[in-house]
Amino acid sequence: MVSRREITDARPDLAEVLPAAHAEFPVRVTRSFWERMDPSDANDPLAMQVLPHPGELVDDDGDVDDPVGDAAKSPVPWVVHKYADRVLLMMTKRCHLYCRYCFRRNHDPAEGLDPSAEEWEAALAYIESARPREVILSGGDPLAVRDDRFFATLERLQKSVRVLRIHTRAPITFPERITDDWVQRLARYAPVYVVVHTNHARELSADVDTALARLIDAGIPVLNQAVLLRGVNADAQVLAELFEALLERRVKPYYLHHTDHAAGNAHFRVSLDEGRALMRQVRERVGGLALPVYVLDPPDGSGKRPIHY
Ligand code: SF4
């Protein structure tokens with residue numbers, strides 16, 4: 001991991017904001033991601049995603065405590081059940097790297113970063129009684145937990161659900177996590193889908209390519225979610241390059257999320273009108289296979305819906 005000292009050496013202007021921002025939401029950057037960014041450039045689209053911004057510390061009228069309405073749809077801790085046939089299971093609140101715009105940045109660390117043994121048993125028991133068709137392992141990052149717990153969870157879930165899905169940013173932020181051995185173990189749980197999270201084509205470095213190819217060559221379909229972020233990818237050409245670069249790597253662009261209104265991410269937000277205009281331009285530039293669904297996940301907990309443009 002990159003040290004605080006390295007961050008402030010590269011960006012002396014962050015020396016003051018960094019401790020306060022870290023107290024609100026951890027500042028943590030993997031070495032691999034750091035090497036892809038220009039940390040000295042405040043406008044670098046990768047650095048912007050992971051280095052704090054003074055705007056994080058300012059309340060905004062548009063801030064929403066629970067921006068996608070998870071709390072109202074959580075029957076037991078660590079479970080979100082918004083759709084009849086799918087359940088989201090949060091394995092941890094930890095990530096290898098923390099994205100400053102994260103819609104779960106409001107998690108209260110005092111509630112614990114990992115489930116207790118009792119909470120985990122209750123979460124799995126809920127899924128076994130609800131019997132959804134599909135379970136989505138999420139977090140935090142589900143790959144931030146130890147392999148024994150990760151695979152024991154898959155083993156148990158496989159007995160009661162038809163499809164497993166893993167939402168992880170690890171192949172992009174910490175690609176060395178995706179070893180051959182790990183991928184071979186994961187492939188035993190087919191049908192299992194991996195949904196990664198990439199916002200800019202420059203995130204797709206050689207080590208990321210290797211991690212993605214390992215998954216896909218093992219027969220594990222990989223899709224991508226991106227978040228529309230001012231200063232990072234709110235530009236038709238940047239989005240088109242991202243979607244085409246993913247497709248070249250056999251990764252299907254799946255969702256482009258309209259920016260949520262988490263407290264502290266106001267400087268990343270794009271209006272719906274701007275988002276629609278951007279997607280109209282992107283549609284002119286890329287083929288249908290490269291085009292993700294542009295979606296909004298509203299705070300009322302009703303679930304994602306497509307934004308028409
Ligand atoms: S990897 Fe996902 S859960 Fe973790 S900080 Fe980034 S957006 Fe949030």
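Where in the chain is the place of Leu-204?

1. Leu-204 sits in the loop between β5 and α9 (206–217), where helices (H or I, at least four residues) and strands (E, at least two) are DSSP runs, numbered from the N terminus. This is a predicted model, in which local features need pLDDT of at least 70 and side-chain atom pairs count only at pLDDT 80 or more, while totals for chains, interfaces and linings use all residues. Residues are numbered from 1 along each chain as its sequence is written.

2. Leu-204 counts as buried because 21 other C-beta atoms lie within 10 Å; the term buried requires 20 or more other C-beta atoms within 10 Å of the residue's own, exposed means 12 or fewer, and partly exposed is in between, with C-beta atoms placed from the backbone. Leaving aside residues up to four places away in sequence, Leu-204 touches Thr-198, Asp-209, Ala-245 and Arg-249, a contact being two C-beta atoms, placed from the backbone, within 7 Å. The C-alpha atoms of Leu-204 and Leu-246 are separated by 8.2 Å, although these residues are 42 residues apart along the chain.

3. Turning to the strands, β3 (residues 134–138) is mostly covered, since four of its five residues are buried. Strand β2 (residues 86–90) runs parallel to β3 and is joined to it by five bridges, where two strands pair if DSSP finds at least two bridges between them. Within this pairing, Met-90 stands opposite Ser-138.

4. On to the next pairing, β3 and strand β4 (residues 163–167) are also parallel, over four bridges, with Val-135 opposite Leu-164 and Ile-136 partnered by Arg-165. Between these two strands the chain passes through helix α6 (residues 147–158), and this β-α-β crossover is right-handed, meaning that, with the strands pointing away from the viewer, the path from the first strand over the helix to the second runs clockwise.

5. Strand β4 pairs in the parallel sense with strand β5 (residues 192–197) as well, over four bridges, and here Arg-165 has Tyr-193 as its bridge partner in β5.

6. Which residues surround the ligand? They are Cys-95, Tyr-98, Cys-99, Cys-102, Arg-104, Gly-139, Gly-140, Asp-141, Arg-169 and His-197, each with its C-beta atom, placed from the backbone, within 6 Å of the ligand. By class, this shell has four nonpolar, three polar and three charged residues, where Ala, Val, Leu, Ile, Met, Phe, Trp, Tyr, Cys and Pro count as nonpolar, Asp, Glu, Lys and Arg as charged, and the others, Gly among them, as polar.
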